[in-house]
Amino acid sequence: MARLLDIRRVRQDPEPIRSALVRRDAAYADRLDALLRADAEHRSALAALERLRAERNTLSQSVSLARREGDEARAQAAIARVKDMSQEMARLESLQAEQAERVRALLLELPNVPHPSVPSGGEGDAVEVRRHDAPPIGVPAKVPLPHWEIGQRLGLLDFERAAKVSGSRFVVYRGLGARLERALANFMLDHHAARGYTEILPPYLVREETLWGTRHLPKFREDMFVTTDNRYLISTSEIPVTAYHGDEILSHEALPIRYVAYSACFRSEAGAAGRDTRGLIRQHQFDKVELVTLCRPETSYDVLEAMTRDAQSVLEALQLSHRVVALAAGDLGFSSAKTYDVEVLLPGSGGYREISSVSNVEAFQARSLGIRFRDEEGRVQHVHTLNGSGVAVGRALAALLEQGWQEDGSVRLPEVLWPYMGGVREIAPADRAVRS
RNA sequence: GGAGGGGUGGCCGAGCGGCUGAUGGCGGCGGUCUUGAAAACCGCUAGGGCGCAAGCCCUCGUGGGUUCGAAUCCCACCCCCUCCGCCA
């Protein structure tokens, strides 16, 4: 799956790319220079090799020409000359392959180029774009409580037994808690399907090749769980769903292609020791409804806005307070050119937390996955891909508990969920099943 | 797991050592005809790399090998299909 990346654009006009990458991290300036040098060396080796190959091909053809004329002596002479070339050929071939590999390795380490509209700065510099303050559903409690506390009191979440069975960062949902998780996922799927997304239920295990395609490898290897047969548990359904059209040339009439997928997601959280150790926020396994769009390049920024609205619309329907922030360049994910995070309010456990992250990946993944389309003029170009949570189910559940927590110790549910909950409108302490 | 069969261009499908980067069909684009459309007929139509260009190079699942020369022969791996076994 070694494929063209956008080296040509880098080569032709490196300056804007260099300065955009530096907005992520100043260290990329040197890496870009290393890439340009490696690329120049590679191209001169390639040109030399191709000249030699052209010569060899001509000589080879002259063998059959000479034989057809019955001139065996000339044929033998040509064969001898080709044989003489073989050593030099082999030398140039291995040189060229080495240099191509070097270019590839450097290219794989370079992240996507931030869009000009992306705010500058790092983690703390996200810009709030808009906010939605939902009126409380019931009678809010005076003292907020973290969702793990509420969940345990109401018998919805069991972290202790989950740890016994599976270790830390796992949870068992039970009773109405399990029902609520399932209700949320079903509601979100129906919600997005009604807005024109096609529902996908993807495989949870993918081949290593697929992860190279989506650019999760080589950089995020330590975040992934690997199986004994060298498959990987997906960390997001973005992976199987985006790769779904890999190696295809689509008709322009098929675009945009919009998918909504539910899946469990698995993350080893290798670099997050000690962070968010309590509650549902950071688990090794969680449920997520994901949106993926493949579209024409010229429409992708409109699609980014629309998908962010789609993610938000879930929270509006659930009557959850939230805000949208534009991530700063230094905080962008590796593949993203621009990202909006949707942050839901968790009044009991410390403010706004990411519940959705919507990214325009532009052609970054489409190039390595080989997802292209034929336009009206018959020209082949890469699609742009976008992905965004629509939304993280466990975090939505946490927000429902914390925002719906009432003075009398119950949790009021938003109306859209009632049908999915079999008519249950409120989860009260009486519903508590098993105590410790 | 065992035994077979197969992976070729947007799709289907030939080719099985050299003028084959690939016959043919479908689809697409352009044209003739038509008031318009359909039908019929004619022409064009794989992807990628290097180069200002002319042009050259690479690619017939992937990687090796044989050969002056490989879609075609050999080896390994991946994937798909059929039958048998096992199984939710």
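This is a predicted model: local features need pLDDT of at least 70, side-chain atom pairs count only at pLDDT 80 or more; totals for chains, interfaces and linings use all residues.
Visitor: How many of the residues of S9 are buried?
Guide: Strand S9 runs over 285-295, and in the sheet order its name stands between S15 and S8. S9 is mostly covered, and the count of buried residues among its 11 is 10.

Visitor: In what order do the strands of the open sheet come?
Guide: Eight strands form this open sheet, and their pairing is mixed. Neighbouring strands are turned by 25° against each other on average, direction ignored. Reading across, the order is S1-S10-S11-S12-S15-S9-S8-S4.

Visitor: Which strands stand at the edges of that sheet?
Guide: An edge strand here has a single partner strand, so one side of it is left without a neighbour in the sheet. The strands in that position are S1 (127-132) and S4 (198-200).

Visitor: What is the bridge partner of Glu343 in S12?
Guide: Strand S11 holds residues 338-346, and strand S12 holds residues 351-360. The two pair in the antiparallel sense over nine bridges. In S12, the partner of Glu343 is Glu354.

Visitor: At about what angle to S11 does helix H12 run?
Guide: Helix H12 is made of residues 393-404. The helix lies across S9, S11, S12 and S15. Its angle to S11 is about 35°.

Visitor: Which side chain of opposite charge is nearest to Glu238?
Guide: Glu238 lies in helix H9, residues 238-243. Glu238 is buried yet has no salt bridge. A salt bridge would need the charged atoms within 4 Å, while the nearest side chain of opposite charge is 6.3 Å away and belongs to Lys288.

Visitor: With which side chain does the side chain of Glu238 make a polar contact?
Guide: Leaving aside neighbours within four places in sequence, Glu238 is in contact with several residues, including His216, Val292 and Asn387. Gln365 is also among these contacts. The polar contact, at 2.8 Å, is with the side chain of Gln365.

Visitor: How far apart are the C-alpha atoms of Phe286 and Asp375?
Guide: Phe286 is found in strand S9. Beyond residues up to four places away in sequence, Phe286 touches Ser235, Ser263, Ala264, Cys265 and Arg267. Asp375 is 89 residues from Phe286 along the chain, and their C-alpha atoms are separated by 39 Å.

Visitor: Why does Ser313 count as buried?
Guide: Ser313 lies in helix H10, residues 300-317. Not counting residues up to four places away in sequence, Ser313 touches His191 and Arg195. Buried means under 20% relative accessible area, and Ser313 counts as buried because its relative accessibility is 9%.

Visitor: What covers the buried residues of helix H2?
Guide: Helix H2 spans residues 14-24, and its buried residues are Pro14, Ile17, Arg18, Ala20, Leu21 and Arg24. Their cover includes helix H1 (7-12) and helix H3 (28-68).

Visitor: How many helices and strands does chain A have?
Guide: Chain A has 436 residues, and 49% of them are buried. Its C-alpha trace spans about 100 × 45 × 45 Å along the principal axes. The counts are 12 helices and 17 strands.

Definitions and conventions
Residues are numbered from 1 along each chain as its sequence is written. Chains are lettered from A and ligands numbered from 1 in the order in which they are written. Side-chain values use heavy atoms; hydrogens and water are left out. Two strands pair if DSSP finds at least two bridges between them. Helices (H or I, at least four residues) and strands (E, at least two) are DSSP runs, numbered from the N terminus. Axes are lines fitted to C-alpha atoms, for helices over the stretch in contact, and angles run from 0 to 180 degrees between N-to-C directions. Contact means heavy atoms within 4.5 Å. Buried means under 20% relative accessible area, exposed over 50%, partly exposed in between (1.4 Å probe, protein chains only). Lys and Arg count as positive and Asp and Glu as negative; His and the chain ends are not counted. A polar contact is a pair of N or O atoms within 3.5 Å; within protein, one must be able to donate a hydrogen and the other to accept it, and residues adjacent in sequence count only if both atoms are side-chain atoms.
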